[in-house]
Every structure is written in C-alpha cells, then in structure tokens.
Amino acid sequence: MDLYSLTITQAHELLRQRKISSLELTQAVLERIREVDGQIGAYLTVTEGVALEQARQADERLRRGERVTPLTGIPFGVKDSIVTEGIRTTCGSRILEHYVPPYQATAVRRLLEAGAVLLGKHNLDEFSMGSSTENSAFFPTRNPWDLKRVPGGSSGGSAAAVAAGECFFALGGDTGGSIRLPAAFCNVVGLKPTYGRVSRYGLIALASSFDTIGPLTRTVEDAALVLQVIAGQDAHDATSLAQPVPDYAAQLQRPVKGLRLGLPREYFVPGMEAGVEAALQEAIRQFERLGMEIREVSLPHTPYALAVYYLILFAEASANLARFDGVRFGSAAQQAQTIPELYLETRGKGFGAEVKRRIMLGAYTLSAGYYDAYYLKAQRVRTLLRQDFERAFEVCDVLLTPVSPGVAFRLGEKTADPLAMYLSDVYLVATNPAGVPALALPCGFSEGLPVGMQLIARHGEEALLFQVGHAYQQVTEWHKMRPALGR
Amino acid sequence: MEQKYEAVIGLEIHAELQTRSKMFCACPADYAHAESPNTHICPICTGQPGTLPVVNRAALEQGIQVALALHCTIPPLNIFARKNYYYPDLPKGYQISQYEMPLAVNGWVEVPVGKEGTLQRIRIRRVHLEEDTAKLFHQGDRSLIDFNRAGVPLLEIVSEPDMHSVDAVLAYAMHIRNVLRYLGVNSGDMQKGVLRFEANISVRPAGSQELRTRTEIKNLNSFRALTRATAYEIRRQIAIYESGGQVLQETLGWDEEHEVTLSQRSKEHAHDYRYFPEPDLPPLQIEAAWVEALRAALPELPEARRQRFIEAYGLPVAEARILTAEKSLADYFEAVLPQTQASPREVSSWMIGEFLRHLNERQIEVEAVPFPPQALAELLNLVAQRTITMATAKEVLREMFESGAMPQVIVEARGLAQIADEATLMPLIEQVLQENPQVVESYLNGKESVFQWLMGQVARATRGKADPQLTRQLLQSRLDALRRSRL
Ligand SMILES: [Zn+2]
C-alpha cells in the first residue's frame, strides 16, 4: 500500500515503531499532491517548506519519545476558511486573495501543538457559500472519483484531498452540511461536531450560530483521534462548550447491540436516487445485524428546516461579511475618491455573485418591517426544530438519514439554479440550527459513485456517533475503497 | 414667548469605562496614554476575519454598579446585539451593542435644578454596554485611522424625556458625571471625550401633554455645547411653530463656531441599523447574588454623602450640596478635616469661599490644585493659633495657588506672622496716635466711631499683621488712659 493512502492509525503505528519517518510520510504526500492536484484542484496553497520543517520537528519528538500524540508527524490540510498565522488564507475569495492572517485559529494551533504537519490550504466555495466548490473565486475542485463531477461543498477541497491521498486528514467547516456533503460525495468520513465542541476562533464566519469546525478523515476511528485534539473549551470563543472532552478512542470499541437506531420518516421520501436508497437500506440491515433496534421516528418540522436555515444564515452572513470593506486588510479599490466609492468598488469587485446574493438577502430580512416576519419567525421555528430532535432522542439513541438524495453531480449542472444547489443540503441543514452532532460516512456506491449516510446524535454525544460508525466500519469495506486516480 | 411653550428633553450619555482591558479583547483600554497610534490593537479589535468577542467582566461589573447607583433594575438576562452600519472607524461593519435586553432598565435620579436647587426626579429608561469606535484623523486629502480606541467599553445611559429646561439638562448631565466619578468608572474629563451627549428635543404648548416631533442633536462633547445647543434648538423650534411651520424629525449636528444646529439627515435618510442578537456572545445570566454583591460594594454616593455632611459636620444643606457635587472636592474637604484645629463649618466656608473662588478664577479642577489638603489644614491652623490674621491667610492662600509652597514657608519667608506682642505693637499704636491728633481729639470728644479707623491705621502700619484682638485691647487702654489724664 502507498504511504499516502494509509489511515492515521496505520501511519501512527509505523511512525511509532520508527519504520518510517514523518519526513518520508510528508514527502510522499507532497509528491502525491504534485502528481494529482493538477487534475483535482484541492489545494489553494501548498506550504511545502513549513511541512518539511514541521515533519523534522515531529521526527525529533518521535525519536525522543517526548509528547508523542496519535497525530505527531501526520500531515494534514486545512480548509481555507480557517486562518493560519503567517500563511495566506483566502476563504476562496478575491477579496482575501493576498490576506496573510496575523494569528492562528485555535483548532490549527492545537493540531500543531500535537505535532501534526501542515501541508497547506484547501479549496472551497467562496466564504463557504455553496455545495459544489464551484463558487471558489480561483478554480473548481474536481471529484477524484469522476473528474467531471463536483466533490460537493463547501469543504470540497478538503474531502477531495483526503480521498485522493493528498493528506491524511483535513479540518473542514460545516455550517449546513459543508463537511458532510463532500465527505459523502468523495467517500470519506466527515464529522460536524456539536455546536461549540470545537472553538470557532479563527474560522472565518459564515453563520456564527451554525458554524462548526470538524475533521474529514478516511475512517471513523481517525475522526475520533482528530476531534480528541481539537475539541474543548477556548477562552477566545464564548460559545465554546465547557463540558470536558471524553476519551473518544476508549469508547470506540463498545458494542452497539441494543442501541436504538431511529429512521426519521421525513428523510425517507420519494425523490431519492434508486442507488442511494438501496445503499441506505443495506446499511440499515447491517445495523440490524449488529444488533441495533430499528425504529421509525418523526421530525415533523423538517419541511421548514431549509427555510429556517437560509433565513438565519443570510442574516448572520450579511453582518459577518461587513468587515470586508477594503479599509484594514484584503483587496481594496485603489482609485476610490469617497468612502461609498471605496465600499462599492472593493465589495463589488471582491465578492462573487453568490456572496452578493446572500448579503443582499440577509440585509433585506433584517431590515425594518421585515425582521419579525423573517428573522424572528425563523428563530422561533428553529426552537421547534431543536425540539424535534429532543423528542426523537427520547425514543432512539442515534438517527440515520441519507446525506444527499443523489450522488455527486456534474460540474455546471446546478450553477444556473441557486435553489437546486440549496436543495443539495436538504438532509443536512437541520442539524446546524439544532446544534446536534452528525457524522457522514461511506455506505456504498451507486453507478460507481460513492453514497454516504448520516448518523445524528444528541448534543455532546460524538462518542456515540464514533461508536456506531466504527462498529459499522468493522464489518464493511466501503470506506476502504480509493478512487483509481492517476493509475 | 418662551412661557407659551414647554421643552421636552431626553438625554443619551455615552461614558467610557475605565477598565484595564477593552470590552471584547485583552488590549489596554487606556488609549489616551498610548505611545503612538495603533499600538493598543490586536486581531480582535481590528476585526480580523475569524476573530470572536469575549465579554470583559470588569466592564459588566462597572456597568451594573452605575446602573445600581441610578436606581435601575438589572434584568436576569443580558443580550448583546449587532448594530449594523458602515464607516471606516467601525472595524467589523457592526458595533456590538445592546438592543432588546439591555444591562439595566427603569432607574431614576433626583437632581437640584436652577438657582433654587429644587430637586427634580428624572427617570432613566435604560443603561447598556457597547464598544467605542476607532478615531479618524483627516490630513489634507487623506484620512488616517487610529484603532487604539476601537473596542473601549462604553456605557450608554438613556433618560426619559423628563427635562423641560436647559438648567435641568445641565443639572442632570452634571449629576451623572458626578456619579460616574464617585464610582471611579470614568474620569469625567470632558476634553478627552470620555463623556459625550446626545439630546432629543421637542417643544409643545405649555400645559399640554402631547409629544411633538423631536430632533436629535448628536456629538455634544462639553457642558457648554450641551447647554448652548439645547437652548438654541428650543428657540429654533419655537420660532418654527410661531411662524406656523412644522418641525421636521431629523438628526442635527452642533456647529460650535457659529452656535447653530445643522441638519445631518432627515427621517427619510435615517439609518436602519438592522439590529439582531449577537450570535458570538451567548445570553448572559446575571445572577441576583452577583448583583447584590456589587450593590454591597458600592461606594458612598453623592446623596448619601451630602446627608452625612449635614448630619455629621453640621453643615448647612446648601454648603453640603456644593461640597459633594464634585467627588474630588468632597474628598479634599474630608482630607483637610482631621489635620486641622478649625471646625468643619470653618473649613467648609473656607473651601466654598476662597478655595473655590481660586479654582474658578484659574479655571482648574480640584485635581490640579498645586498643594495637598494638609497644606490647607495648616493654613487654617495658623489662623486658629493666631499666628496669622484672616487677611494674611487669604494672601498666603493666593501664594499657595501660585507656587504650591507650604503656608508656613510662605509666612516665614515673607515675614507675615501676626504681631501679637505688646512690646512691638505699643510703639506703633503710640505713633498712630501722635500722627493723628485731630482724630484722637474727636474720639475724646465722644465720637467713638473713629476707633475703627484708628484700628485700620495700626493694621496698615503692620501690613495687616497686627493681631486685631490685641490691637483693640491696647488701643482701647491707651485711649482710656488719655481720657483719664484729661479729667
Ligand atoms: Zn484588541
């Protein structure tokens, strides 16, 4: 097996036994990036010098046996919506094309302290607005399973990189499916943690009350290892959770027999592609064979989830993106003579169409006379969505849903129709207003393209998601499938 | 004309809080003492992408203490909100402020209005916390921004429209400033802009209860600007009604140079700030026990101190009011007391008379007095011990204000000590009598009123140093002797 396609667990074992060095591992991945990224377009920035230096330091730690963690010496990439001190961070936008942040995101800092090796920054939809990574201001990322198809979005670069062997894991951002949709489209594992479980400090905000940072990995076990490092309260994020972080690895092996698996009936409706439905049904049978009890449950307010999600997102995003004004950082209009000219030119040229659309919609829904009808009502329905989950979890432990009604679509297929693009996330958005954790993992293929399923748990119960997902991966092979890229 | 109308005035007061760090980051809040522009800044207060605010607990405590001093209710839930607008001095494109759930509501103060000092109750509608903006400097065709002030905690105190005269506005504003200084949360230094006012003004026919269209005057940075602008605006509105016109609802600026209010924007162009709850800051639970602890820790406030001065020192109400109107003056008074033989009433009349007269003449604050309370105590001791006369003491005080020297030093250096020994005084008295035989004659003939004139001559001969009591005694006995010798 090629070094670049190992799991974190496997690579760590080899590093620990000193059979390979982090430098070799890092060089193998850098070589892989050179080999395939021209076709994929997963990276916006490759930090080769930084990576090699960090790999040498990791080898020193491994040699001395000091402060060795499961991530020491493991190369990773970061979605370019998460700031990296001294390393250009674009958020997929022209307006930040040359922006070099003066500080480090908490999640990145924790990974670097654990000894992980930073390879570079992953492509995304501009300001994480999109479901295909086609909204990147620089270039689209392509799906490693079919280069004519999208990898999903907005963390498309991260999912494609993990799938294509261009990193061992990635940090993505999930506001309404941005980790889970690309994970499913690219046949990798993606976790949206509980809101507040991972500090948002350094995540360029889209919708502050939905945004999360989470791992994209090749196995559920790897996702648990990464979350272990990045989770936990942060003095820089007032919304980060105070609850202690459990030992995720210790709970992975627990049997799932007797656990109750809920199937929300609102998520199993006509319109799903036949291959996707078949894969999900097979996954459900697999859980049954593992001894789980299958129950049908209801999340009655699901039909309103997309509207609630987008109304609140537009509102929060319209304010979050106000700081890109050309005054302190980022691209700025050079010829502007007046303040309005500076704003209009900087923002008019710096933002793409989808970003402008959402800012305008957000400003509209917050404006005098519309606030009650849109923003306030959306917040009220948000409470109902949260209660839906609370009630469902009274009768089951974990929910299982599709990630997407279909497999990865073709580039350009939905770009002309924003609403069709928004609908890609119909199964994913409800978890973010509710704040609950959700895990996407591979569960089959439809016409040669990966199909993912989503597991959802109560607030703070990532360990349960890992336990169920890991049990599934012990008896299935889907997650081991790799795209036949460059062969 | 003005008796036909009644003004209705409400005031918004913005007070910077003297916390160590800024409202939402760890930068020093003391921008006035920064070595140079843009040195008290960090990624958070310059609005770098991905940064998050964290509430400064000290600002919250100071805010609650002010609110308690203003007899406000502190609701158990405190919510921050984003106030959205664009300006280069606003780093995030929104100001974190409070809207629907402010820090405090429903307070009141009682202030002495006008020359008679009639107590008037003015209700406080709300008190809330927010962050200050950066400072703009215009240099020719360029504008420069100093972010040292960006994020400094601001307390906004909003009154009900309970004021009906310029006197009431001034009394209220001075009272609030005094409370802030008593609490040690604001220096009250108007020149540094730590206090700023906005006045809402309307006028209506006297006796009417209707609320007419009001105008808002922004950015009043001194008591002078506040009173002049308010008086001007009342006159302007009356003139409009008298000529049959209608007052427009608009925001006005105060033109200091020409002493007129100028329209900044009318209602049609009013800002829509699109307030919504700040998603980066969870609602703050304000626990009753915490509020009570802060209440218990409140220092003595102006009203209580005034009452104590009346009761403990036997001061007249008017004197107690003057002494306590400025915390620093009251502090000075109480620092003099234990060090002097003079009674509290003597000290009080000295401070309200001579001491304040010098402050007014020199246009200085108590803090700028060049000698310590101990020096004033000594001066009064010299009077009590009859080392110097009252007249000399006034002269010495003037010199103390000029040079800051201690009174004893001045008295010795200038030989101002009172002449209180018979051996020195008697020859002088003899001389005065010899030089004025006609006056002595008229005295002996029964015109006893010239005695005072002779006293004055002795005082003049000693340049005011003659002990009046001894002089009187000696002069009387000498004249009595002369009368006896005539018989
Ligand atoms: Zn700062």
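Angles between axes that are under 35 degrees count as roughly parallel, over 145 as roughly antiparallel, 65 to 115 as roughly perpendicular and the rest as oblique. This is a predicted model, in which local features need pLDDT of at least 70 and side-chain atom pairs count only at pLDDT 80 or more, while totals for chains, interfaces and linings use all residues. Residues are numbered from 1 along each chain as its sequence is written, and chains are lettered from A and ligands numbered from 1 in the order in which they are written.

**View 1. Crossing of helices α10(A) and α12(A).** The axes (lines fitted to C-alpha atoms over the stretch in contact, with angles from 0 to 180 degrees between N-to-C directions) come within 7 Å and cross at roughly 100°. The two helices, α10(A) and α12(A), are therefore roughly perpendicular to each other.

**View 2. Surroundings of F76(A) in the largest nonpolar core.** A nonpolar core is a set of buried Ala, Val, Leu, Ile, Met, Phe, Trp, Tyr and Cys residues joined through C-beta atoms within 7 Å; buried means that 20 or more other C-beta atoms lie within 10 Å of the residue's own. Of its 228 residues, F76(A), V398(A) and L455(A) touch the most other members. Helix α10(A) supplies the largest share, 11 residues. Beyond its neighbours within four places in sequence, F76(A) contacts residues including L111(A), V117(A) and F168(A).

**View 3. Interface of chains A and B.** Here, 24 residues of chain B are in contact with 35 residues of chain A.

Note on methods: Contact = placed C-beta atoms within 7 Å. Buried ≥ 20, exposed ≤ 12 C-beta atoms within 10 Å, placed from the backbone. Helix = DSSP H or I, 4+ residues; strand = E, 2+ residues; numbered from the N terminus.
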